[in-house]
Amino acid sequence: MWKSTPAGGPERVVALADGVFAIAITLLVLDFSVPSGLDSSAYRAELRDLAPNLGAYVLSLLVLGLFWRDHRRIFGLVERVDGQVITLSLAGLGVAALVPFPTKLLSEYGDDPVSVAVYAAAIAALGASHVALLAVLAARPWLCGGTAPEEGFLLFGLDIAATTVVFALSIPLALAVGPAAMWSWLVLVPVQGVLGRWATRARRRGAVTRTPRD
């Protein structure tokens, strides 16, 4: 059984996360290029060919940006870290650093179901690391100043869990129906909207006295 031994504050983990997410986002754009010396028609054709890359970039930028925000919100609650918190955070950052690779697969081989499944698996793994981190913190309130999980914390966890489940379910769906499975990711828009309204109502009821900070 893992023994929880506090190992200082979360500052270094947060700084490392900021760097990893920044590098991962930067890597998303490295494949954007147009050859020199093209005539007008060839130039426009090259721009059209970049459209899938741009779409995949926007998607991954949004995903990484949201997970970076969630990581900072999680560690806004943390006052001390232990070995398991550090390990889970490193696992998640490792997956975040990997996201440019499935993004490239999605942009260049988006018609192949395997590309969609690999991308969905990477995002689901990133979400799972955040869910596991929240579960550890909920079980070890002394790492968060001794406060027990509150409604806002639980709704925040449900938000991340919903993202994880949707992307995980799209893996077999992609293998069954192909790239059309990507449309299933839009389910997250109404789901997160509902969770956001619940969180707002909880704050208004005064049920939340301490919520994750941006």
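The protein has an average pLDDT of 85, with 86% of the residues scoring at least 70, where pLDDT is the predictor's confidence in each residue, from 0 to 100. This is a predicted model, in which local features need pLDDT of at least 70 and side-chain atom pairs count only at pLDDT 80 or more, while totals for chains, interfaces and linings use all residues. Residues are numbered from 1 along each chain as its sequence is written, and side-chain values use heavy atoms, with hydrogens and water left out.

**Confidence**
- Confidence is highest in helix α1 (residues 11-27), at a mean of 94, and lowest in α8, at 75; helices are DSSP runs of H or I with at least four residues, numbered from the N terminus.
- Over residues 207-214 pLDDT stays under 50, and for this stretch the model has 22 contacts beyond four places in sequence, a contact being heavy atoms within 4.5 Å.

**Largest pocket**
- The largest pocket holds about 530 Å³ of space, and of the 18 residues that line it, Leu59, Leu62, Phe167, Trp185 and Leu188 are the closest to its centre.
- A pocket is here an open set of points on a 1 Å grid over the protein atoms alone, where a 1.4 Å probe fits, with protein on both sides within 12 Å along at least five of seven lines, and lining residues have an atom within 4 Å of a point.
- Grid points are joined across faces, edges and corners, and the volume is the space filled by probe spheres set on the points.
- At least two lining residues come from each of α3 (51-75), α7 (151-177) and α8 (188-204), and α3 gives the most, with 7 residues.
- The lining comprises 13 nonpolar, 2 polar and 3 charged residues, with Ala, Val, Leu, Ile, Met, Phe, Trp, Tyr, Cys and Pro counted as nonpolar, Asp, Glu, Lys and Arg as charged, and the others, Gly among them, as polar.

**Helix α3**
- The end C-alpha atoms of α3 are 36 Å apart, which agrees with the 36 Å that its 25 residues should span at 1.5 Å a residue, the expected span being 1.5 Å times one less than the number of residues.
- Buried residues of α3 include Asn53, Tyr57, Leu64, Phe67 and Arg73, where buried means under 20% relative accessible area, exposed over 50% and partly exposed in between (1.4 Å probe, protein chains only).

**Helix α7**
- Thr164 lies in helix α7 and counts as buried because its relative accessibility is 13%; beyond four places in sequence, Thr164 touches Ala124, Gly127, Ala128 and Val131.
- Ala168 also lies in helix α7, but counts as partly exposed at 33% relative accessibility.
- Ala168 and Ala128 are 40 residues apart in sequence, with their C-alpha atoms 9.6 Å apart in space.
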